[in-house]
Amino acid sequence: MIDPPFPTPSQPAPEVSDEALRQVIADFLALGHVDNIVAMVRQEPRYLAWTDRLIEDDRYAVRLGVAVLFEELVAICPDSLSLAVPGLVEQLTNPLAWVRGEAASVLGTIATDEALAVLPPLLADPSPQVVEIVRDILGLSENG
């Protein structure tokens with residue numbers, strides 16, 4: 001008997017690794033399919049814990065997709081966003097300034113007390129761009 005090309009009730013779908021799923025999410029974000037990722041996160045909020053890995057992606061479209069994703073999620077499922085905070089906090093010490101900036105930006109979008117409380121130390125970041133991002137998030141003037 002030849003196996004059908006799709007899972008049947010007696011033949012479960014093969015398991016997909018977290019790494020493969022993270023790659024699919026990144027690829028969808030790169031293609032602008034944020035709505036698909038919103039639907040996935042609404043079904044499985046644990047995917048938000050992968051945000052720290054997504055903002056490390058070399059593709060600007062992925063990082064832009066993460067920003068758009070969080071802007072949408074703030075409106076529809078704000079209680080789940082805390083799952084992303086621990087990984088984003090770790091990225092605030094990343095050696096790459098653009099990763100620190102992306103992490104700060106997403107934390108600013110999340111905007112909970114927990115997310116905002118970790119940003120003030122970045123006002124002394126060696127990258128002027130990171131400092132500017134944090135100033136904007138915290139509502140500080142150039143002299144503030």
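Guide: Let's start with a term: contact, or touching, means heavy atoms within 4.5 Å. With that in hand, Ser127 touches Ala97 and Arg100, leaving aside residues up to four places away in sequence. One caution: this is a predicted model, where local features need pLDDT of at least 70, side-chain atom pairs count only at pLDDT 80 or more, and totals for chains, interfaces and linings use all residues. Residues are numbered from 1 along each chain as its sequence is written, and side-chain values use heavy atoms, with hydrogens and water left out.

Visitor: How many helices and strands does the protein have?

Guide: Helices (H or I, at least four residues) and strands (E, at least two) are DSSP runs, numbered from the N terminus. Going along the sequence, the pattern reads α-α-α-α-α-α-α-α. The count is therefore eight helices and zero strands.

Visitor: Is Ser127 buried or exposed?

Guide: Ser127 sits in the loop between α7 (113–117) and α8 (128–138). Buried means under 20% relative accessible area, exposed over 50%, and partly exposed in between, using a 1.4 Å probe and protein chains only. Ser127 has a value of 6%, so the word for Ser127 is buried.

Visitor: And Gln129, buried or exposed?

Guide: Gln129 belongs to helix α8. Its C-alpha atom is 8.3 Å from that of Trp98, 31 residues apart along the chain. The relative accessible area of Gln129 is 54%, so Gln129 is exposed.

Visitor: How are α1 and α4 placed, roughly parallel or roughly perpendicular?

Guide: Axes are lines fitted to C-alpha atoms, for helices over the stretch in contact, and angles run from 0 to 180 degrees between N-to-C directions. The axes of α1 and α4 are 7 Å apart, and the packing angle is about 90°. Angles under 35 degrees count as roughly parallel, over 145 as roughly antiparallel, 65 to 115 as roughly perpendicular and the rest as oblique. So α1 and α4 are roughly perpendicular.

Visitor: Which residues of α1 and α4 make that contact?

Guide: By class, the contact has six nonpolar, one polar and no charged residues. Here Ala, Val, Leu, Ile, Met, Phe, Trp, Tyr, Cys and Pro count as nonpolar, Asp, Glu, Lys and Arg as charged, and the others, Gly among them, as polar. From α4 come Ala61, Val62, Gly65 and Val66, and from α1 come Ala26, Leu29 and Ala30.

Visitor: Which residues does Glu102 touch?

Guide: Glu102 lies in helix α6 and is buried, with a relative accessible area of 17%. Glu102 is also one of the α6 residues where α4 and α6 meet. Not counting residues up to four places away in sequence, Glu102 touches Ile55 and Arg63.

Visitor: What distance goes with the polar contact of Arg22 and Glu19?

Guide: Arg22 is in helix α1 (residues 18–30) and is buried at 13%. A polar contact is a pair of N or O atoms within 3.5 Å; within protein, one must be able to donate a hydrogen and the other to accept it, and residues adjacent in sequence count only if both atoms are side-chain atoms. The side chains of Arg22 and Glu19 are joined by one of 2.7 Å.
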